[in-house]
Amino acid sequence: MLTTPRQPGSRSTRILVWLLACCLGAALGTALEPANSQAEAPVEYRFVVLSFEQSHVLDPARGEFRSSQDLQISNATDTAASSIVFNSHPSLVITNLTVTDTTGAEIALGPLRARGEATVFRDYVFDVWEVELGTTVASGETVVFHIDYELAADGALDAPRDMYEFTVSPQACYSVYIGCNPLFGDASGAPYQMTVRYPQSYLLCVPGDLVSSQSVEGDRVDIYRSQKPYGPSFACARYRKVVKSNEQITLEYYLYPQENFAEEMAEMTFEILSLYTIRFGARGTSVYRYATVGPVNATYSSGENKGATNFVTDFAAREFAAGSASGQLDYFRLMSHELYHKWNLGDVTWVDSHLYEWFGEGGANFVSAWAAEQILGLEAGAEFRRQYRSNVALSDCLQLEVTLENVTKTGGAEDHLLYNYGALVWEQLRQKLGDEAFWAGLADFYAKHGGQSVRVVDLIACLEARSTLNVAAYLDQWTRHNARIDLSVTSLETVAEAPRWTSTVEVMVEADRDYELFTAIGLRDANGSLETTPIRLTSRGSHSFTVTSSEPPASVVLDPHCWVPQTNLENDEWLPKSP
Ligand SMILES: [Zn+2]
């Protein structure tokens with residue numbers, strides 16, 4: 001996913017703490033209402049979702065939503081579980097809950113207790129529930145968790161708000177990623193089947209394969225299935241559907257009725273897809289969908305990828321359609337980031353160490369800048385990385401205790417570490433390996449592991465097979481530490497030696513340790529043209545470089561391609577002393 005980073009400290013905190021001591025018994029005949037009380041000890045989630053079977057009935061205009069779900073869940077701990085802890089969205093009322101074992105026998109349930117609230121995925125707050133089990137569930141054992149929900153009497157919104165907030169409003173009803181799914185501690189992805197019944201005047205967008213679609217008493221009932229372990233998501237609105245095709249690819253846009261559509265949006269998307277297909281291989285998908293979610297006239301650009309389906313706010317498309325250059329760049333940024341997720345998160349399933357988050361989000365930002373370089377030109381790529389570099393310098397993310405090895409998405413400085421510092425780590429790796437080995441290794445990874453469950457060591461092995469570098473050891477300095485580096489230009493002396501000018505540039509490296517750094521020295525002439533010379537730095541301290549240019553330099557720009565994460569960007573430019 002991609003969200004324009006929010007400034008640190010903008011997290012909203014809800015002070016609603018409530019607890020319910022209501023008897024659930026074997027079956028919940030009546031809707032549960034929250035009551036005020038105190039939160040308990042930190043919540044321990046013990047179960048993970050193996051699969052979802054969901055059936056939603058919705059009518060946005062009437063503010064109606066009901067869901068009936070069967071989840072295969074498994075005890076992921078080493079010990080037997082005597083209760084199940086899960087999250088549900090605060091606007092939903094649980095009307096029924098049963099648990100059965102693998103033989104179909106119902107397990108007696110104790111009271112369903114509200115355990116307060118928990119922050120799940122960034123700053124989204126969910127209710128926490130715990131239900132006691134009449135018999136314990138052994139480690140690794142699977143049970144079927146059947147839950148029925150409906151929208152609380154005051155749960156409908158006047159209009160869509162946040163794209164990740166479960167929404168039932170007259171214009172749209174959607175659940176993206178976390179939304180209305182019962183969760184077990186964090187966003188749980190799993191294969192799913194989803195049945196949605198909705199009014200015929202609306203359109204529905206769901207990731208996965210459409211199994212059937214039929215008309216029932218004036219409504220439409222669609223069934224979708226996904227073998228990919230996504231957090232089951234859907235969006236239903238009075239969409240305007242726009243379809244664009246070239247020889248290989250069809251793009252389906254589900255737009256809010258008032259949204260404009262620019263033909264160039266499709267052209268740009270085709271170009272990005274073509275580049276990725278050539279570089280990373282075709283993945284057997286020919287239809288890509290984009291569904292608008294979130295507020296009408298959103299003030300932020302954000303997207304959530306589920307393979308070939310993307311949920312996006314209307315911001316980037318609106319800016320693009322308005323014809324602004326920055327709007328086109330924003331749109332490119334969003335599309336190139338989300339489309340790469342089709343490969344790096346959609347077609348491989350990460351099953352291990354936390355570094356996959358870096359692969360996912362840092363990787364998507366890195367590839368997005370590279371795609372901009374390839375399609376829009378070198379400066380566009382540098383512009384994308386300039387944004388990453390400045391987010392790193394300004395966000396305090398390098399001072400975090402967490403590193404790329406264990407950082408999670410919080411919406412704060414941690415996201416900057418993951419998305420922005422992470423992207424520049426990829427760039428350093430690319431420079432270290434060289435383009436040929438780097439891209440060949442990545443292409444090998446998708447060719448060999450596409451459609452499979454993968455571990456980070458599989459990626460490392462593919463990159464190492466194409467080079468002599470111990471990639472894992474090389475990455476440690478970036479992923480086990482937050483590299484704190486500041487590059488500066490401390491002097492420039494230029495002499496004219498026809499037909500070129502020769503400049504001696506002193507570069508200072510201050511850092512928490514020695515790094516091998518790939519960057520460049522740029523000499524800018526009086527007209528603003530930049531001539532760059534690649535340099536490699538291997539240690540801290542002062543380093544002298546002799547570079548030549550065809551014009552006398554008016555200034556020196558260090559790291560002009562924006563490849564190096566830095567703590568301070570104020571001292572990267574140098575103006576020569578007046579003669
Ligand atoms: Zn992303």
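User: Which residues does P199 touch, not counting residues up to four places away in sequence?

Analyst: P199 touches D59 and D219. Two residues are in contact if their C-beta atoms, placed from the backbone, lie within 7 Å. A word on the ground rules: this is a predicted model, where local features need pLDDT of at least 70 and side-chain atom pairs count only at pLDDT 80 or more, while totals for chains, interfaces and linings use all residues. Residues are numbered from 1 along each chain as its sequence is written.

User: Where is P199, and what makes it partly exposed?

Analyst: P199 lies in strand β13 (residues 192–199). Strands (E, at least two residues) and helices (H or I, at least four) are DSSP runs, numbered from the N terminus. A residue is buried with 20 or more other C-beta atoms within 10 Å of its own, exposed with 12 or fewer, and partly exposed in between; the C-beta atoms are placed from the backbone. P199 has 16, so it is partly exposed.

User: Why does D559 count as buried?

Analyst: D559 has 26 C-beta neighbours inside 10 Å, so it counts as buried. D559 sits in the loop between β30 (555–558) and β31 (573–574). Its phi is near 55°, a positive value in a residue other than glycine. Most residues other than glycine have a negative phi.

User: And D396: what is its phi, and why does it count as partly exposed?

Analyst: D396 has a positive phi of about 65° although it is not a glycine. With 14 C-beta neighbours inside 10 Å, D396 therefore counts as partly exposed. D396 belongs to the loop between α5 (378–395) and α6 (413–433).

User: Why are α3 and α4 called oblique to each other?

Analyst: Helix α3 (residues 325–346) and helix α4 (residues 356–375) pack at about 125°, with axes 8 Å apart. Axes are lines fitted to C-alpha atoms, for helices over the stretch in contact, and angles run from 0 to 180 degrees between N-to-C directions. Angles under 35 degrees count as roughly parallel, over 145 as roughly antiparallel, 65 to 115 as roughly perpendicular and the rest as oblique. α3 and α4 are therefore oblique.

User: Which way do α3 and α4 cross?

Analyst: The crossing of α3 and α4 is right-handed. That is the clockwise case; a crossing is left-handed if the near helix is turned anticlockwise from the far one by less than a right angle.

User: What makes α5 oblique to α6?

Analyst: The axes of α5 and α6 cross at roughly 135° and come within 9 Å. That makes α5 oblique to α6. Their crossing is left-handed. Among the residues that meet are R385 and Y388 in α5 and A413 and H416 in α6.
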